[in-house]
Amino acid sequence: MPSDHRLHPSSIVFALAGSLRAFLVPAVVLILTSGRSSSQPSDPGWGPTRWMNRWMPGDFEIANWQFWILLFLIPTTIAALVRYFTFRVRYEGTELVISSGILFRNERHVPYARIQNLDAVRNIVHRLLGVAEVRVETGGGQAPEATISVLHETVFEEMRRRIFAGRTEVVAEEPRVSTERELEPVRSAEREGGQTLLYLPLRELLLNGLLENRGMVLVAAAYGVLWEAGLFRSVWEQLTSGAYAPGFLRDTIVTVAGGRVPSAGRVGVLLVGVVGLLLLVRLLSMAWSFLRLYEFRLTRVGDDLRTEYGLLTRVTTTVPLKRVQSLTVRESPLQRLVTRMSVRVETAGGHGSHHDKESKQAREWLAPIIRRSAVPALVSEVLPGFDLDSVAWQSLHPRAFRRAIKPALLLAFIIAGPFVFWFGWIGLFVLGITVPVFVTLAWSHVYRTHWALRQGSGQAAGEDALVFRSGWLWRQTTIVPSTKIQVVGCIESPFDRRAAMAGVRVDTAGSMSPVHRISIPYLAREDAAMLYERLAAQTAQTAFRW
Amino acid sequence: MSDGASGQRLGFADNSCLSPGDGRQEWLRDERLEQETSREEHGVIVIESSSSMDSGTADAIADGVSRQLDPRWIMVQRVHFAILLVILATVSFAGVLVIWAASGILVLGLLLVPLWLTALGALGWLLQRWPAISYRHTSYRVDEAGLEITRGVYWRTTTNVPRSRIQHTDVSQGPLERRYSLGSLVVYTAGTHHSEVTLSGLEFTIAQRIRAHLLPRDQGDAV
């Protein structure tokens, strides 16, 4: 059959590499911890190793752990071979058919129309070999419907083209009126008549790294690895050449707590250390952003949104516009300083697949960083006809802050209470910290928390949407088209009841931990009832289209 | 069987996310439903007939009237709680004995055992009362648009599941529920937090009829 595709031969190597990676950390630890002793060849080995070493040529000896790793690799190898020889992908009408297996034959049919997103991940080895790891996701299930590792790039291109074409056939092709935008040279997307919505130049990438504190993650990861390997102490000692042992910080704290003034040198070293660490973290974050999002490009190809990015690992994701469950615009305090925002979308694919978190998060980034002025245009591109600037925001109940501050104060006192009880004056100092912090939290919970219900006029009933924004420092605005609302809920606590308030919650299909859950608190009861009724009615009127 | 409920019939589910005195509340076992239910029980195949049910009977369920659960649900829950209480009592009594033995103080037992008895008695009394209280605050409403469930004594929630969003439904029955011919309706949606909405304590045939009503009729919502 001409349209029959199989895996790339290198898939066997990748499968082996994948299972070897599972052994990597234990092996490294083993080597490091055994240290000198492993360099001595006196280890006689026991059982099968001993027997095998008799047949080994020359000085080469297999240590025990090497043997066991080899033994564990056998099933993986067999599985990879079986997979390679039996795996077939073909296109039948409007379906993608994936078959595999010898003993347990499995044939999976995935209709194009049900495909939520189609992602391809190419790390540096993949790119050298010209292959890609492809993920096909539909709405149901825990894991991707199909993780195809690995296909030749041309096969992936064809798959994407076919899936895309199969969908537009149904929708009946409509000529797109492309608005005037600067069209930069795009590779694959351009060839298919794509339109660039966002391109991140180097400057924006570095800025993104600076604003998003990713460096801390790297530092934490490095620390974890070092700790795991038991190397931390030795590394520290090497770095500081024994002058400042880990007790340095503790000593300083003890000195300060003891009411004595630490020496100027110590303070200097500490300050330099802290500032250096902060700088290092930011620099790492910028490097991370550069590597991860290099050449970030968001394009619209027909009715699909396509993102491509990455320097070493090149990721290509495709999200059909219709599959966007909700859209969230975020703005952190740092981003606000430089008038940038970030935009994410949620899709229904691959619920709670933790192992696949990386690619899922990646897909949700519509725009990791974007100028504030460009946000409304992008939003109206994703949700046609939606104007973020002309939203008629509705407020919460006027007494909302008074409600929110009570539990906050209570919590602040509960936390500070034991300190006051045991330490007296120092406890009051703690109270002086917790009260403002919790009052701020309560304030940010209520201030700028607004909602709006947009009702499309007449035939545009499908364009109804609920808009919810919240947060004071970290601001988030989420738009949910009412066709994507799954369940509407109304919640009323005893305290709500006393104050004649209620809250409204809306559930959508999306990731298990939504970025910004729509839960509107402290509404006047009439408002809540009205909102609830209208949402329920709007939702019931429209059919859900994944 | 429904003795627990008869006392509670004075109560009213005034869960008030929606306008409080809605006035459309009705008891489950109103005359019309009673007839239909009994008629169906005489039929041999109950489950299968529900799908081929003519729209007239299905709409009798989907009238937008807020209904309460079957009063027998109170009894079922009491039995559930009783089992739970027995387990708890056994475990905690063993714990009390261990503490007593370990302490080696004879008088401590004289203090602990009455304490244990009091705590258990209070819990038992609460658990005996709770099903009836929660029953009073639970109601459901089925109409053309979908299913709406109201529940919660202190934290009151109203959950609306539009019919067009229902992916699939279950009607399940535990051993105890079978004894009282009750059943649970479980509605699955594509949502994340409410991906499954459970309504327990319906009469089994009614659960099936609601299910039959909620099943997507038009096949046109395929994407």
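Two strands are taken to pair if DSSP finds at least two bridges between them. In the predicted model described here, strand S1 (88-92) of chain A and strand S2 (residues 95-100) of chain A meet this criterion, being joined in the antiparallel sense over 5 bridges. Within this pairing, A:Tyr91 stands opposite A:Leu96 in S2(A). Both strands belong to an open sheet of 3 strands in chain A, ordered S1-S2-S3, with antiparallel pairing. Its edges are formed by S1 and by strand S3 (106-111), each of which pairs on one side only. From one strand to the next, the twist averages 20°.

A second open sheet of chain A comprises 6 strands in the order S13-S12-S11-S16-S15-S14, again with antiparallel pairing. Strand S13 (365-371) and strand S14 (450-454) of chain A are the edge strands, each pairing on one side only. Neighbouring strands of this sheet are turned against each other by 15° on average, direction ignored. Strand S15 (residues 465-470) of chain A and strand S16 (residues 475-481) of chain A run antiparallel and are joined by 6 bridges; in S16(A), A:Gln476 is the residue opposite A:Ser470. Helix H14 (residues 375-382) of chain A lies across strand S11 (326-331), strand S12 (340-346) and S13 of chain A, and its direction is at about 10° to that of S12(A).

Strand pairing also links the two chains. Strand S17 (residues 485-492) of chain A runs antiparallel to S5(B), and 5 bridges join the two. Across this pairing, A:Cys490 stands opposite B:Thr158 in S5(B). Strand S4 (residues 146-151) of chain B likewise pairs with S5(B) in the antiparallel sense, over 6 bridges, and B:Leu147 stands opposite B:Val161 in S5(B). S4(B) and S5(B) form a hairpin with 4 residues between them, and in the turn B:Gly152 has a positive phi of about 105°. Of the 7 residues of strand S5 (residues 156-162) of chain B, 6 are buried, so the strand is largely enclosed by the rest of the structure.

A helix of chain B shows a corresponding burial. In helix H8 (residues 204-214) of chain B, 10 of the 11 residues are buried, so this helix is largely enclosed by the rest of the structure.

Helix packing was examined in each chain. In chain A, the axes of helix H15 (residues 400-423) and helix H16 (residues 425-446) come within 8 Å and cross at roughly 160°. Because angles over 145 degrees count as roughly antiparallel, H15(A) is roughly antiparallel to H16(A). Their crossing is right-handed. The residues of the contact of H15(A) with H16(A) divide into 26 nonpolar, 3 polar and no charged.

In chain B, helix H5 (residues 72-103) and helix H6 (residues 106-136) pack at an angle of about 165°, with their axes 10 Å apart. H5(B) and H6(B) are therefore roughly antiparallel to each other, and the crossing of H5(B) and H6(B) is right-handed. The contact of H5(B) with H6(B) involves 19 nonpolar, 6 polar and 1 charged residues.

Notes:
Residues are numbered from 1 along each chain as its sequence is written. Chains are lettered from A and ligands numbered from 1 in the order in which they are written. This is a predicted model: local features need pLDDT of at least 70, side-chain atom pairs count only at pLDDT 80 or more; totals for chains, interfaces and linings use all residues. Axes are lines fitted to C-alpha atoms, for helices over the stretch in contact, and angles run from 0 to 180 degrees between N-to-C directions. Angles under 35 degrees count as roughly parallel, over 145 as roughly antiparallel, 65 to 115 as roughly perpendicular and the rest as oblique. A crossing is left-handed if the near helix is turned anticlockwise from the far one by less than a right angle, and right-handed if clockwise. Ala, Val, Leu, Ile, Met, Phe, Trp, Tyr, Cys and Pro count as nonpolar, Asp, Glu, Lys and Arg as charged, and the others, Gly among them, as polar. A residue is buried if 20 or more other C-beta atoms lie within 10 Å of its own, exposed if 12 or fewer, and partly exposed in between; C-beta atoms are placed from the backbone. Two residues are in contact if their C-beta atoms, placed from the backbone, lie within 7 Å.
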